[in-house]
Amino acid sequence: MRLKQKSWLTVSVAVVAAASVFNVFGIDLVAAAVDTDPPSLSIDSDNDGLSDAQETEIYFTDPVVADTDGDGYSDGVEIAAGYSPRHTGGLSLMQVDSDNDYLLDAWELILGTGLMNPDSDGDLYLDGTEVAASYDPLNPSPHQLEKLIRVNRYELKLTYSFDGKVFGSFPISTGKVSTPTPKGDFTVLAKIPVKHYAGVGWDYPNTKWNLQFARRNGLGYYIHGAYWHNKFGVKAVSSGCVNVRYEDMEPLYWWAQEGTKIIIE
Ligand SMILES: [Ca+2]
Ligand SMILES: [Ca+2]
Ligand SMILES: [Ca+2]
Ligand SMILES: [Ca+2]
């Protein structure tokens, strides 16, 4: 017992000694560390994985309440999983628009526009209005940015981006071997909210969210929602169109414009 106490004492004396040495020689080092890592950026008062600064300036969650919306999931867990920490009901960041500027929370966080500021660059045009028309919501001068939809027929995947920043990426189904989806560079020719597709042995009325990109031999080719199968990312089953899950197609449809570039490879 006595021996144990003594060794503990020896250790603590050694720690104090080391700290003193550090104090003598480490003043500049400590000052530099404070400069590069300000406490305000790293303090996480409610220990939810988001710093106080992130909560007050980016996510607009409560910095002293770990679960702002009270749904049982902490703010940090929700952000990491793509859910809104400000809305109950299991809504994803793709399903909410906190400042009602027609730009989804998910896209505001990607672009760096204000989640609670409907006009981030102060040019009197709403963030969502600017993105809808391909304008930069962070630049008050009329500067346009590229919208691009990329379809990969081999991976059965669609990715769309704004100014090179990916706004969505998800599994799709394309044309089967006998009725392939055409390859090449296209643009959105028309946006049609609801369409009726039919052929020999198949009939799909009231199909939502249709983006036409080609017309060949009297046939129209579309990227559209599909409610009659679940082969997305699994198998090419269509008659030439690009089939998309409804939940993925709705935001893509509203984001795309006539003239938006499409690359099918
Ligand atoms: Ca926090
Ligand atoms: Ca929560
Ligand atoms: Ca918004
Ligand atoms: Ca604006």
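Two strands pair if DSSP finds at least two bridges between them. In this predicted model, β6 and β7 meet that condition with six bridges and run antiparallel.

**Sheet β5-β6-β7-β8**
- Four strands form an open sheet in the order β5-β6-β7-β8, and their pairing is mixed.
- β5 and β8 are the edge strands, each pairing on one side only.
- Direction ignored, neighbouring strands of this sheet are turned by 45° against each other on average.
- Within the β6 and β7 pairing, which is antiparallel, A214 stands opposite Y221 in β7.

**Helix α8 against the sheet**
- α8 packs on the sheet and touches β5, β6, β7 and β8.
- The direction of α8 makes about 45° with that of β6.
- D248, M249, L252, Y253 and W255 are the buried residues of α8.
- These residues lie on the same side of α8 because they cover an arc of only 160° around the axis.
- An α-helix has 3.6 residues a turn, so residues three or four places apart point the same way.

**Nonpolar core**
- The largest nonpolar core has 34 residues, and F213 and V244 have the most contacts inside it.
- Two or more residues each come from α6 (105-111), β1, β2 (157-162), β6 (202-216), β7 (219-225), β8 (242-244), α8 (246-255) and β9.
- α8 gives the most to this core, with four residues.
- Leaving out residues up to four places away in sequence, F213 touches F186, T187, V188, L189, Y221, Y222, I223 and I262.

**Strand β9**
- β9 (residues 261-264) has a covered face made of I262 and I264, and an uncovered face made of K261 and I263.
- In a regular strand the side chains alternate between the two faces of the sheet.
- β9 pairs with β1 (residues 147-152) in the parallel sense over four bridges, and I264 is the bridge partner of V151.
- β9 also pairs with β4 (residues 184-187), where the strands run antiparallel and four bridges join them.
- In that antiparallel pairing, I262 in β9 is the bridge partner of F186.

Note on methods
Residues numbered from 1 in each chain as written. Chains lettered and ligands numbered in written order. Predicted model: local features only at pLDDT ≥ 70, side-chain atom pairs only at ≥ 80, totals over all residues. Buried ≥ 20, exposed ≤ 12 C-beta atoms within 10 Å, placed from the backbone. Core = buried A, V, L, I, M, F, W, Y, C linked by C-beta atoms within 7 Å. Contact = placed C-beta atoms within 7 Å. Arc of directions from axis to C-beta. Axes fitted to C-alpha atoms, helices over the stretch in contact; angles between N-to-C directions.
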